Amino acid sequence: MRLAGDPPITVRETMETPTRADAAYEALRRAIIEQALAPGAKLREDEIGAHFGVSRTLARAALSRLQSEGLVDAQRKRVATVASPSVEEARAIFEVRRCLERETVRLVVERWSPEMAARLLAHVDEEDEAARRGDAAAAGRLAGEFHIVLAGLTGNPLLARYVSEVVSRSSLILAVHGRPHQSDCATAEHRGVIAALAARDADRAAALMAAHLAAVTARALPETPTAPATLSDVLARYAG
């Protein structure tokens, strides 16, 4: 997201600051996903650069990565902000997510191993631990990351990348439109999916994942509004 007139990235910056630039990206991403940075919050390059000890150019690069993932809105000559997806965008994202995750469970069943079960169960244990200590933000983030870990087990890096993006954007949707995360429901549903995968039952795993995502979608998206009642409708309820 470099603009005309920006100074070039120097060899010194390239050699000395990638770790700090990556740290800026990771910190911003986690803060957005955990909803510590609300949709619409301003992300000033100079403030980010000063905090992480990087140039504005590298701070802008971190914001550009987040923009490519749909987490940040950044327009030329305007301060970047945390993205605020519309209801229409949210519905489209969840449609894509359902398609991707259906294929994810099918591929994981084909590659299943006991090591996969151990990794997934360890992650769900982390979700439970976050819930027990009352850390709702971490519990919500870990619930989303379960799906990213699962996609990583497919052995398809492109699929894993797309799942990571839609899961991250789902977190934004929950921040804008959703209701509070219910960690006990999420972990129980995740354990059910793991059990179906371990049984090499692709149909059941897909059905459980679909039901789980339907619950997430219902929590993330507002109900379809009903038409406002007419005066006659209202009076009919009170006429007696």
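Me: How many helices and strands are there in the protein, and what makes a run count as one?
Reply: There are 11 helices and three strands. Helices are DSSP runs of H or I with at least four residues, strands are E runs of at least two, and both are numbered from the N terminus. The model is predicted: local features need pLDDT of at least 70, side-chain atom pairs count only at pLDDT 80 or more, and totals for chains, interfaces and linings use all residues. Residues are numbered from 1 along each chain, and side-chain values use heavy atoms, without hydrogens and water.

Me: How do you know that β1 and β3 pair?
Reply: Two strands pair if DSSP finds at least two bridges between them. β1 and β3 (residues 80-82) have two bridges, in the antiparallel sense, so they meet the cut-off. In β3, Thr81 is the bridge partner of Lys42.

Me: What makes β1 and β2 edge strands?
Reply: The open sheet has the order β1-β3-β2, with antiparallel pairing. β1 (42-43) and β2 (72-73) each have a single partner strand, so one side of each lacks a neighbour in the sheet.

Me: Why is Gln35 called partly exposed?
Reply: Buried means under 20% relative accessible area and exposed means over 50%, with partly exposed in between (1.4 Å probe, protein chains only). Gln35 has 39%, so it is partly exposed. Gln35 lies in the loop between α2 (18-33) and β1. Its phi is near 65°, a positive value in a residue other than glycine.

Me: What makes a space in the structure a cavity?
Reply: On a 1 Å grid over the protein atoms alone, a cavity is a set of points where a 1.4 Å probe fits but cannot get out. The structure holds one cavity of 30 Å³ or more. The largest cavity has a volume of about 40 Å³, where volume is the space filled by probe spheres set on the points, joined across faces, edges and corners.

Me: How do you know which residues line the largest cavity?
Reply: Lining residues have an atom within 4 Å of a point. Among them are Arg29, Ile33, Glu145 and Ser171. α2, α7 (136-152) and α8 (157-177) each give two or more residues. α7 gives the most, with four.

Methods: 1 Å grid on protein atoms, 1.4 Å probe; cavity = no way out; pocket = protein on both sides within 12 Å on 5 of 7 lines; lining within 4 Å.
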